[in-house]
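Have the sequence and the 3D view open as you read.

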Amino acid sequence: MSSCALLIVLAIVRTVDTDPVRVFFELLAEIISAIVLVWQCVVSSRAANVTRADVNRTLQSLPKSATDDLEKHTELDDFGRLELALNRISLDAVESRRKEKLLIERAVDVICVIDTDARIISINDACQKSWGYDRSSLIGSHLSTLLDSAESERVTKQILGGMQSIDKVVFESQLRAADGSQLDVVWTGHWSASEGGLFCIVHDISQQKLVEKAIRLSEQRLRDILESLPAAVLVADNADRIEFANRAATGLLGYHNDELSELTIADILAQSSGMGGPSTKQSSDAGSEALASTKGGATIAIALSRTRINMSDGEKLLCVFLDRRAEEELERTKRELTAMITHDLKSPLTAVQSIFSLLEDGICGELSQHGLQLIGTSRKQLNNIVRLLDDMLQVASIDAGSFELRCAEVSLHDVVLDAVETVRATAPDRTFVIDSDTAPMIAMADKQRLSQVLVNLLTNAVKYSLPKSPITVTLQRNGNTATLSIIDLGRGIPPEKLDCIFERFTQVEHSDATDKGGYGLGLAICKEIVQSHGGEIGVRSEVGKGSTFWFSLPLTVSQ
Ligand code: ADP
């Protein structure tokens, strides 16, 4: 009796195994042998007149599902109850067998049993759908019919090895489908004594392999792109330890990849104004100036852009940087050229301007009408060149950051009156109208620069409108902001040019440079001056009807 109980307990303990199909098989076999044994016990017990205690012990050793509610059956004696419990177990066994069959038949994965000669003893219908083989054609055939010769030996070895192991075996292989295509599969096998072979579940992972291959390819492509970038790229983990460096980075810094992986970003890069990656809130900072330390101990000026990115394995810091040495060299050449223009070009031209004035004043005797005309034309050309040089010098000083304002309290009424008088002197026949709010308007400004803006806008109004048409200057106050507008009734500006008219060297007509003088730098300089005062500049215009150039300035708050 006790061996019978032991068998049943063994069967129950086995249910904790992880492979349900295998458990079905083995549980079933054990349950059936348990039933037979218990039956024999019952029969022999009756015959041998066993005690009630023996029967109760047996009942207690049976699964709970079989002995539930047995005490309700008061009409039965102990033997009757034992018989009922065993009936229940046998019904459960039949049900389990039915479910197991269904499970195997409906499984998506191929389930088969391979014998010790590596032949397929049984296989489910999934082999038709998954591999394209008719089930009956595979039963009895050797594994090698499904495998290429290179794989066959290895897989057979694994299968036979699985038969000698008490653990499950898991391995991958390729398998030839009926249409000749190669499938990637995972085998999971258990030795099954009741089946007399290795019970295998063969799971198709071809799709998964394809996805993995696509991911690997796209990773490789990304790596190739990063490697071929002219910009240096470093990627660091969230402790700033360098995980990746592209070719440009290792080339610039002089380190090998494995040396960089020992370092942090802070070991390599130092911001001109304090270091530290962008905070997690601020996910990127673009184009700041920084310094990079090379393995050789040199410090290189770089333009650095840092971005925090979330990747599948955590947050990373992406640093992209460019060697600024070539740019700095260019800047130096530009500065030298500007200095050359100032001293070597502008000074003699200014001297020639004075000589022209002296000639006009008759220092070399009275000039003929023709002589005066020639000098007048040459002077005009020379003035244009000197103006271009002045504009270029201003643009260069803006670019170099050396464009300084000398600010003081300035009355905007005064600036407007002065500028209008300056331009009226060059265009005496034009009508200038000043329309101004009477309230005083004081701005903290560089008077000379403000006047330069107004004179430029007024000169343009004169240049691009007909001689008889008036030019109006309005000065309005809105809270702590003053707005100055220069309104002409001239040719206007086409809509497509309005957005770019404040950009350097932009002119509406190519002929404007020769016909009207100027090279399209005046408005760009006006914009810089207005913006450096904390103001804004803009234009409204309609072709054929005229233009309104306006700019705003903050007023001092004490007014
Ligand atoms: P420029 O020195 O050539 O006048 P600006 O920068 O002052 O340079 O002006 C740029 C261009 O904008 C001019 O060449 C002209 O084509 C156009 N422009 C400027 N002001 C006016 C205006 N009031 N009416 C029409 N076009 C204008």
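Salt bridges with shared partners tie E289, R324, E327 and E328 into one network. R325 itself pairs up with D323 in a salt bridge, with 2.7 Å between the closest N and O atoms. The term salt bridge here means a side-chain nitrogen of Lys or Arg within 4 Å of a carboxyl oxygen of Asp or Glu. D323 is partly exposed too, at 29% relative accessibility.

Before going further, a word on where this comes from: the model is predicted, so local features need pLDDT of at least 70 and side-chain atom pairs count only at pLDDT 80 or more, while totals for chains, interfaces and linings use all residues. Residues are numbered from 1 along each chain as its sequence is written, and side-chain values use heavy atoms, with hydrogens and water left out.

Helices and strands are DSSP runs numbered from the N terminus, where a helix is H or I with at least four residues and a strand is E with at least two.

E151 and R154 make another salt bridge, at 3.1 Å from N to O. These two sit three residues apart in helix 8 (residues 149-163), so about one helical turn separates E151 from R154. Is E151 buried or exposed? E151 counts as buried, at 17% relative accessibility, whereas R154 is partly exposed, with a relative accessible area of 34%.

## Around the ligand

Now for the ligand. It sits in the largest cavity. A cavity is a set of points, on a 1 Å grid over the protein atoms alone, where a 1.4 Å probe fits but cannot get out, and a molecule sits in one if more than half of its atoms lie within 2 Å of its grid points. The ligand is surrounded by 22 residues, and the closest are N460, Q507, V508, D512 and L523; a residue is near a molecule if one of its heavy atoms lies within 4 Å of it.

Which elements each supply at least two residues of the shell around the ligand? They are helix 16 (447-463), helix 19 (522-532) and strand 18 (546-554). Helix 16 gives the largest share of the shell, three residues.

The side chain of N460 has an N or O atom 2.8 Å from a ligand oxygen. With G520, a backbone N or O atom lies 2.9 Å from an oxygen atom of the ligand. For L523, a polar backbone atom is 2.7 Å from a ligand oxygen. On its own the ligand has 530 Å² of accessible area, and the protein covers 100% of that, by the Shrake-Rupley method with a 1.4 Å probe.

## Two positive phi values

Most residues other than glycine have a negative phi. D240, though, has a positive phi, near 70°. D240 is in the loop between strand 6 (232-236) and strand 7 (242-245), and counts as buried at 19% relative accessibility.

F505 also has a positive phi, near 60°. Look for F505 in the loop between helix 17 (495-498) and helix 18 (512-515). F505 counts as exposed, at 52% relative accessibility.

N238 lies in the loop between strand 6 and strand 7. N238 is exposed, with a relative accessible area of 58%. What separates N238 and L317 in sequence and in space? They are 79 residues apart in sequence and 6.9 Å apart in space, C-alpha to C-alpha.

L345, in helix 13 (residues 325-360), is partly exposed at 40% relative accessibility.

Conventions: Buried means under 20% relative accessible area, exposed over 50%, partly exposed in between (1.4 Å probe, protein chains only). A polar contact is a pair of N or O atoms within 3.5 Å; within protein, one must be able to donate a hydrogen and the other to accept it, and residues adjacent in sequence count only if both atoms are side-chain atoms. On a 1 Å grid over the protein atoms alone, a cavity is a set of points where a 1.4 Å probe fits but cannot get out, and a pocket is an open set with protein on both sides within 12 Å along at least five of seven lines; lining residues have an atom within 4 Å of a point.
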